[in-house]
Amino acid sequence: MPFSISQRLLAVLRRGDVLPSPGPVAAGGRSPRGRAAVAELAAAVPGLAEERAERARTAGLLVGWVAVVTVPLWAVVDLATESSNAGTFLAVRLLCEIPMLLALVALGRLPLGRRRPELLTFSVLAVVQAEVAWMVTRSEDPRYHLLGLTLAIYGSGCVMVARPRWTVALVAVSWAALGLASVSADDGLSPGDLLAVTVYLATASVIAVLAHLRRYALDTRELHTRVRLEREQQRTGVLLAQLERLSHEDPLTGLANRRRWDAELAELCTRTRQRGDVLSVVLVDLDHFKDVNDRYGHAGGDAALRAVAGLLSARVRGGDLVARLGGDELAVLMPGADAERATAVAEELRREARLLRPPGLGAARLSLSLGVATATGADAYPRELMSRADEQLYRAKTTRNAVGAGPVPPGAPEPRPEPQPAG
């Protein structure tokens, strides 16, 4: 029965966001709990652990400085209510300022303050509680000092950025200090005062612990949400990067597609006109590609395209762009390459294509027809450059296994589609 009641109480506290919900079950059937669970979540987001430590440190500095300033000011209350003890109480207050200031200096200036801000904040509040507990048991009217005894507990439960165990620890220190002070006092508290102190301090302890538990549960929920959002953003970023890559990549060959080719050709032509540079284009066509497809099937044609794509990618410079424009037509965009350089690359590609042996094609040899066009300075326009490269490609295709480059002879036939066999 007690077990059932405690389970129901825990369920109610979790539904009310007073306790964090249990996390996902880890390997071995256990759910990560407490500090390990929060640390695991914080580690999932880069910089989050440091951010949380800095928040704890900032809150600790706020609580600590309020305590350091407020504790001596309470001497005014001593003068008004404890005239006979005012001098002694002031001396105790000033003496307790020393460890509190040391803890604040460590919190604000030393590496320890960034590593253990909760411990240092707790130390400041523990000194306050020990000091006020001593005064409560020696005061003529403990009501005002009892109020001071509960303020630190409320401050820990509602302001301190730390795990709830620190508020629980502060409550325990407060009770222990009050007990020790009562034992060491000459007269001690009257039964009525003792009952009032007990009820007052117990109420403050319960409220502060529950408040801290609720804040911690909400903070943990926020942390879960933030981690999920960070992970979703990372996944979305990966998917967007993949989508961007796929939108500019030919799926068969892995080369740039026509969309990317058109965009980069236009950009490089603009840059060439602005800077007076040179830009070359090499159009590449697989000879008798239809025959390859007819004889070896589409798998053989795909293997041939991939082999030629690999050759082009391996033989061009790092700044060049290799693309598949469609079907069996590929192209190389060569910024900064003059006609001589582009023609030499085209010839090299033509020769090495004869050495390719794509899988599934047996002893069949591939050959390429290539057309080279170059534009300089103000002449660099995409449509004109591609048109001249296409003319050179058509010249090369009249004999196949050739490179078309240089001026087009007068009276050369206009480019036209290659005739298809009947049937």
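This is a predicted model: local features need pLDDT of at least 70, side-chain atom pairs count only at pLDDT 80 or more; totals for chains, interfaces and linings use all residues.
## The chain at a glance

A residue is called buried here when its relative accessible area is under 20%.

As for the layout, the protein chain has 14 helices and five strands. If you take the contacts with a separation of 6 or more, 70% of them come from residues 24 or more positions apart.

The largest nonpolar core holds 35 residues, and the members that touch the most others in it are Met-100 and Val-128. Helices α3, α5 (86–109), α7 (117–136), α8 (143–158), α9 (164–184) and α10 each give two or more residues to this core. Its largest share comes from α7, which puts in ten residues.

What does Val-128 touch, once residues up to four places away in sequence are set aside? The list runs to Ala-67, Val-71, Met-100 and Ala-152. Apart from this core there's another, made of 31 residues, with Val-282, Phe-289, Ala-337 and Leu-368 among them.

## A cavity with a charged lining

Searching the whole structure for cavities of 30 Å³ or more turns up one. The space in this largest cavity comes to about 60 Å³. Two helices, α3 (48–73) and α10 (191–247), each supply at least two of the lining residues.

Which residues line the largest cavity? They are Leu-48, Glu-51, Arg-52, Arg-55, Asp-219, Glu-222, Leu-223 and Arg-226. Sort that lining by class and you get six charged residues, two nonpolar ones and no polar ones.

Asp-78 sits in helix α4 (residues 75–81). Is Asp-78 buried or exposed? With a relative accessible area of 0%, Asp-78 is under the 20% cut-off, so it counts as buried.

Strand β2 (residues 321–326) is mostly covered, with five of its six residues buried. Strand β3 (residues 329–335) pairs with β2 in the antiparallel sense, and the two share five bridges. To pick out a bridge by residue, Ala-323 has Ala-331 in β3 as its partner.

Two residues lie between the strands of this hairpin, and Gly-327 there takes a positive phi near 60 degrees.

## Two positive phi values in a row

Most residues other than glycine have a negative phi. Now look at the loop between α14 (382–397) and β5 (402–404), where you'll find Arg-400. The phi of Arg-400 is near 65 degrees, which is positive even though the residue isn't a glycine. Asn-401 is found in the loop between α14 and β5 too, and Asn-401 has a positive phi of about 50 degrees, again without being a glycine.

How do Arg-400 and Asn-401 stand on accessibility? Arg-400 has 17% relative accessibility, which is under 20%, so Arg-400 counts as buried. Asn-401 has 27%, and because that falls between the 20% and 50% limits, Asn-401 counts as partly exposed.

Definitions and conventions: Residues are numbered from 1 along each chain as its sequence is written. Side-chain values use heavy atoms; hydrogens and water are left out. On a 1 Å grid over the protein atoms alone, a cavity is a set of points where a 1.4 Å probe fits but cannot get out, and a pocket is an open set with protein on both sides within 12 Å along at least five of seven lines; lining residues have an atom within 4 Å of a point. Grid points are joined across faces, edges and corners, and a volume is the space filled by probe spheres set on the points. Helices (H or I, at least four residues) and strands (E, at least two) are DSSP runs, numbered from the N terminus. Ala, Val, Leu, Ile, Met, Phe, Trp, Tyr, Cys and Pro count as nonpolar, Asp, Glu, Lys and Arg as charged, and the others, Gly among them, as polar. A nonpolar core is a set of buried Ala, Val, Leu, Ile, Met, Phe, Trp, Tyr and Cys residues joined through side-chain atoms within 4.5 Å. Buried means under 20% relative accessible area, exposed over 50%, partly exposed in between (1.4 Å probe, protein chains only). Contact means heavy atoms within 4.5 Å. Two strands pair if DSSP finds at least two bridges between them.
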